Amino acid sequence: MGNLLGGVGVREPTTVEDCDSTWQTDSEPEPEEPGPGGGEGPGREPAQPPESLEPPERAGGRPRASPAPDRDAEAAGAEQEADSTEVSAKPKRSFYAARDLYKYRHQYPNFKDIRYQNDLSNLRFYKNKIPFKPDGVYIEEVLSKWKGDYEKLEYSHTYIQWLFPLREQGLNFYAKELTTYEIEEFKKTKEAIRRFLLAYKMMLEFFGIKLIDKTGNVARAVNWQERFQHLNESQHNYLRITRILKSLGELGYESFKSPLVKFILHEALVENTIPNIKQSALEYFVYTIRDRRERRRLLRFAQKHYTPSENFIWGPPRREQPEGSKAPKTPAPPTSGHHSQTSMHKKPKDSKNPSAAGRVNSKAAEDKKVTPREPEEETDWPSSEAGSDAAGSGDPEREGDADDSSPQPEETIAHALEKKESASPSEKDEEREKRNKDCESPGETGSHDDALLQ
């Protein structure tokens, strides 16, 4: 009696990711296909050491009390039956199944072996010394009379816990859990091992499968079509297969698991003969295998043939790209519309400037034209008239831009010149007439005087 780990408490997983270490070390080489005569026989340990007992540490995690093994098994079994009836829906990982199989693969940490080491009920049953309870049937009678009686094997639910014992309590409370000492004694007993393999073959035939060699390879039985149809419709047998796989690993036949699981996956995913079993095969059967490399090999095979492929949730987790390696997002170049808006916005300003500058230049030019002609206006009237016409034609335009383009002194000079130009013709005509009269009067006076003298 005592704790299996010698009093060392182990932190239990709290998520599916903690329970599943299948893809944690994906750099290991894949195992080669076992050849004839290969594999592990009775009493041999698996080639791959079991996974470490310590699950990944979680921030803020606290050790939790281990629930009774039968509760986990019953909860996982209930989910296994429910999941198998909903194969069309998107699958979802079950924490109860993951935790149950995690404990199995890690030799049931925190589980106390409460039985006396000399209580070898399972070994004594396989040595044909005691019958299984409550039916009272010996192992030899089961192997000889129940073989091929599919009705009895289907509807009797008390023998499976005795034929395939585990270190956890099942639904038959008369059956005893295995102990570590009993497991070692069982592997040493050839009589028990021989009957155990016969019981395995009997159940395989019940499922429509046959054992073809000593390495665990299997194939279709003669009546596979009838039995596969029954297996596809009787989901409670998926619980039995899970138990059989676990028991094979406990009693020295770990190498027999992978051929059976691979066969079931092929029939479910490739041949489509038992499609309803694929959920249990991926969620339960695969994870009874302790070698994570072998689990990866089976899951890769399943992923190639699983449909729809986007619903396959048992593959390696997606690796998030570290933030430092992410390429910085380049800012999008400004659109042509933005340029057009900007140019359109700037055009009115540009259009105003040339007109204003032009008006200023024209005004300055006119002023320059007018200013030097001030002394000429007294002698050259055509030039002044042309200047006055030009000045008169430019008046309306200059009146509008006067405040912006001409300083006030120049404006005063321009107005004075305009007044002078507008008033000079009449005044000068009068002066001309006076001059003409003056010129004419001396002549006339002289001629009149000459006439008088004559």
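At what angle do the axes of helix 12 (residues 257-270) and helix 13 (residues 278-285) cross? Keep that in mind while you load the model, which is a predicted one.

**Whole chain**

Show the whole protein as a cartoon. It has 454 residues, and 41% of them count as buried. The secondary structure comes to 18 helices and four strands. Now think about contacts between residues at least 6 apart in sequence. Of these, 76% join residues at least 24 apart.

**Helices 12 and 13**

Select residues 257-270 and 278-285. The two axes cross at roughly 150° and come within 9 Å. An angle over 145 degrees counts as roughly antiparallel, so helix 12 and helix 13 are roughly antiparallel to each other. Their crossing is left-handed.

Next, show the side chains where they meet. From helix 12, pick Val261, Ile264, Leu265, Ala268 and Leu269. From helix 13, pick Lys278, Ala281, Leu282 and Phe285. Colour this contact by class: eight residues are nonpolar, none is polar and one is charged.

Now move to the loop between helix 12 and helix 13, and select Asn272. Asn272 is not a glycine, yet its phi is positive, near 60°.

**The nonpolar core**

Which residues touch the most other members of the largest nonpolar core? Select Leu163, Met203, Leu265 and Phe285. The core holds 69 residues. Helix 9 (residues 190-207) gives the most to this core, with 10 residues.

Zoom in on Leu265, which also took part in the contact of helix 12 with helix 13. Leave out residues up to four places away in sequence. Leu265 then touches Val270, Ala281, Leu282, Val286, Leu298, Phe301 and Ala302.

**Helices 3 and 11**

Select helix 3 (residues 95-105) and helix 11 (residues 236-250). Their axes lie 11 Å apart, and the packing angle is about 15°. Angles under 35 degrees count as roughly parallel, so helix 3 is roughly parallel to helix 11. The crossing here is right-handed.

Show the side chains again. Helix 3 brings Asp100, Leu101 and Tyr104 to the contact. Helix 11 brings Leu245, Lys246, Gly249 and Glu250. By class, three of these residues are nonpolar, one is polar and three are charged.

Follow the chain on from helix 3 and stop at Tyr108. Tyr108 sits in the loop between helix 3 and strand 2 (112-113). Is Tyr108 buried or exposed? Tyr108 has a relative accessible area of 3%. Buried means under 20%, so Tyr108 is buried. Check its backbone too: phi is positive, about 55°, although Tyr108 is not a glycine.

**Two cis peptide bonds**

Where is Pro134 found? Look in the loop between helix 4 (121-126) and helix 5 (139-146). Show the backbone there. Lys133 and Pro134 are joined by a cis peptide bond, with omega about 5°.

For the last stop, go to Pro308. Pro308 lies in the loop between helix 14 (292-305) and helix 15 (336-370). The peptide bond from Thr307 to Pro308 is cis as well, and omega is near -10°.

Conventions
Residues numbered from 1 in each chain as written. Predicted model: local features only at pLDDT ≥ 70, side-chain atom pairs only at ≥ 80, totals over all residues. Heavy atoms only, no water. Core = buried A, V, L, I, M, F, W, Y, C linked by side-chain atoms within 4.5 Å. Buried < 20%, exposed > 50% of the residue type's maximum accessible area, 1.4 Å probe, protein only. Contact = heavy atoms within 4.5 Å. Axes fitted to C-alpha atoms, helices over the stretch in contact; angles between N-to-C directions. Parallel < 35°, antiparallel > 145°, perpendicular 65-115°, else oblique. Left-handed = near helix turned anticlockwise from the far one by under 90°. Nonpolar A, V, L, I, M, F, W, Y, C, P; charged D, E, K, R; others polar.
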